Amino acid sequence: MNASDIDKEKTVGISKTQPSKYNWLMFSILTIILWGTWGALISIPESNNFPAELGFIMWALSMIVPAFFALKNVNWKLNTSKFSIVFGCVIGLLGGVGQLILYSGAIANGPAYLIFPIIALAPVVTIIMSLIFLKERAGTKGWIGITLAIIAVPFLNYSEPGAAAEYSGWLIFALLVFLAWGVQGYFIKYANERIEAESIFFYMALTSLILCPIAWFMVDTPTAANWNWDGAGLAFSIGLLNSFGALFLVFAFRYGKAIVVSPLVNCLPPIITSILSLVMLSVLPTLVVGIGMMIALVSAYYLAFDE
């Protein structure tokens with residue numbers, strides 16, 4: 001793609017309406033609520049004999065629903081330039097492949113209490129790339145919030161150590177997910193400056209569906225899974241929470257700085273998850289997670305009111 005194509009892309013399909021100062025915050029909050037709720041419910045289908053890999057398929061199918069509403073919102077005007085297709089699919093592949101690696105490579109071979117804190121630091125990659133390539137900057141409150149969010153995220157994703165797991169490559173898989181999701185955040189912001197958020201999400205949904213056969217063959221006997229409403233149906237319904245959250249995330253990146261949005265939407269969903277787990281299962285967060293929750297709340301204040 002040459003420079004003229006990119007310049008043209010910047011002016012096609014992008015609304016000229018001046019966004020509200022806090023549009024990014026509204027979409028970030030919606031993402032936080034939906035992802036936090038999704039985190040509290042995601043393990044239920046698997047406990048009902050519906051493997052996580054098949055849960056990926058139901059999640060991919062659920063992406064069709066918000067993609068439908070997104071395109072309807074722009075009167076079915078889909079960006080079809082090379083830039084739109086390439087970057088939309090790259091964003092979708094980074095997210096989808098990261099998800100597959102997480103379940104089939106990292107969690108299958110290593111301890112979750114070490115894996116998730118590593119992956120949770122993916123916003124660091126987004127922040128560094130946005131500072132270097134997008135020249136984004138934050139105010140004093142913003143930098144305090146970013147720093148606190150980065151500190152809080154590993155605390156929030158900590159789980160008590162179980163039986164010791166032998167090292168079998170899980171660290172490499174965890175680092176791959178960490179990089180994939182961090183780079184994805186940067187590309188979402190980068191692409192948002194040139195094409196409509198609705199088109200970005202459409203291509204994210206499309207690439208997720210393309211990855212479904214891989215997830216299918218990861219399961220030994222997929223036909224033996226629970227394809228009833230309390231298995232596949234529930235996985236699809238819970239997947240909608242993540243899917244709509246992903247759509248709102250794209251809009252949050254559209255209106256806000258990646259260096260602010262990324263840490264915010266990563267440090268607060270675990271708080272929602274912990275609260276819901278307490279209500280539904282009477283499970284109290286550990287001391288480490290509780291400390292992370294307090295740090296995250298302070299971080300959210302500074303990020304939300306950065307000038």
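Setting aside neighbours within four places in sequence, Phe201 is in contact with Met63, Pro66, Ala67, Ser243, Ala246, Leu247 and Val250. Phe201 is also among the residues with the most contacts inside the largest nonpolar core. The model described here is a predicted one. Its protein chain has 16 helices and 0 strands.

**The chain as a whole**

- The protein chain has 307 residues, and 51% of them count as buried.
- Its accessible surface is about 14400 Å², with 70% of that belonging to carbon and sulfur atoms.
- Taking contacts between residues at least 6 apart in sequence, 91% join residues at least 24 apart.

**Nonpolar cores**

- The largest nonpolar core holds 78 residues, and Phe187, Phe201, Leu264 and Leu268 have the most contacts inside it.
- Helix H13, which covers residues 229–255, gives the most to this core, with 10 residues.
- A second core is separate and has 7 residues, including Leu102, Ile115, Ile119 and Trp170.
- In soluble globular proteins, nonpolar side chains tend to be buried together.

**Helices H14 and H15**

- Helix H14 spans residues 258–267 and helix H15 spans residues 269–281; their axes come within 4 Å and cross at roughly 15°.
- Angles under 35 degrees count as roughly parallel, so H14 is roughly parallel to H15.
- On the H14 side, Leu264, Val265, Asn266 and Cys267 meet Pro269, Pro270 and Ile271 of H15.
- The residues of this contact comprise 6 nonpolar, 1 polar and no charged.

**Ser28 in helix H2**

- Ser28 is part of helix H2, residues 23–41.
- Its relative accessible area is 0%, so Ser28 is buried.
- Not counting residues up to four places away in sequence, Ser28 touches Ala252, Val261, Leu264 and Val265.
- Of these, Leu264 and Val265 also take part in the contact of H14 with H15.

**Helix H4**

- The buried residues of H4 are Ala52, Glu53, Leu54, Phe56, Ile57, Met58, Trp59, Ala60 and Ser62.

**Ile295 in helix H16**

- Ile295 sits in helix H16, residues 287–304.
- Buried means under 20% relative accessible area, so Ile295, at 18%, counts as buried.
- Ile295 and Ile150 are 145 residues apart along the chain, while their C-alpha atoms are separated by 9.7 Å.
- Apart from neighbours within four places in sequence, Ile295 is in contact with Leu148, Ile151 and Ala152.

- Most residues other than glycine have a negative phi.
- Asn49 is not a glycine, yet its phi is positive, at about 70°.
- Asn49 lies in the loop between helix H3 (43–47) and H4, and at 47% relative accessibility it counts as partly exposed.
- Asn75 is likewise a residue other than glycine with a positive phi, near 55°.
- The loop that holds Asn75 is between helix H5 (64–73) and helix H6 (82–109).
- Asn75 has 57% relative accessibility, so it counts as exposed.

Notes
Residues numbered from 1 in each chain as written. Predicted model: local features only at pLDDT ≥ 70, side-chain atom pairs only at ≥ 80, totals over all residues. Heavy atoms only, no water. Core = buried A, V, L, I, M, F, W, Y, C linked by side-chain atoms within 4.5 Å. Buried < 20%, exposed > 50% of the residue type's maximum accessible area, 1.4 Å probe, protein only. Helix = DSSP H or I, 4+ residues; strand = E, 2+ residues; numbered from the N terminus. Contact = heavy atoms within 4.5 Å. Axes fitted to C-alpha atoms, helices over the stretch in contact; angles between N-to-C directions. Parallel < 35°, antiparallel > 145°, perpendicular 65-115°, else oblique. Nonpolar A, V, L, I, M, F, W, Y, C, P; charged D, E, K, R; others polar. Areas by Shrake-Rupley, 256 points an atom, 1.4 Å probe, with all protein chains shown as cover.
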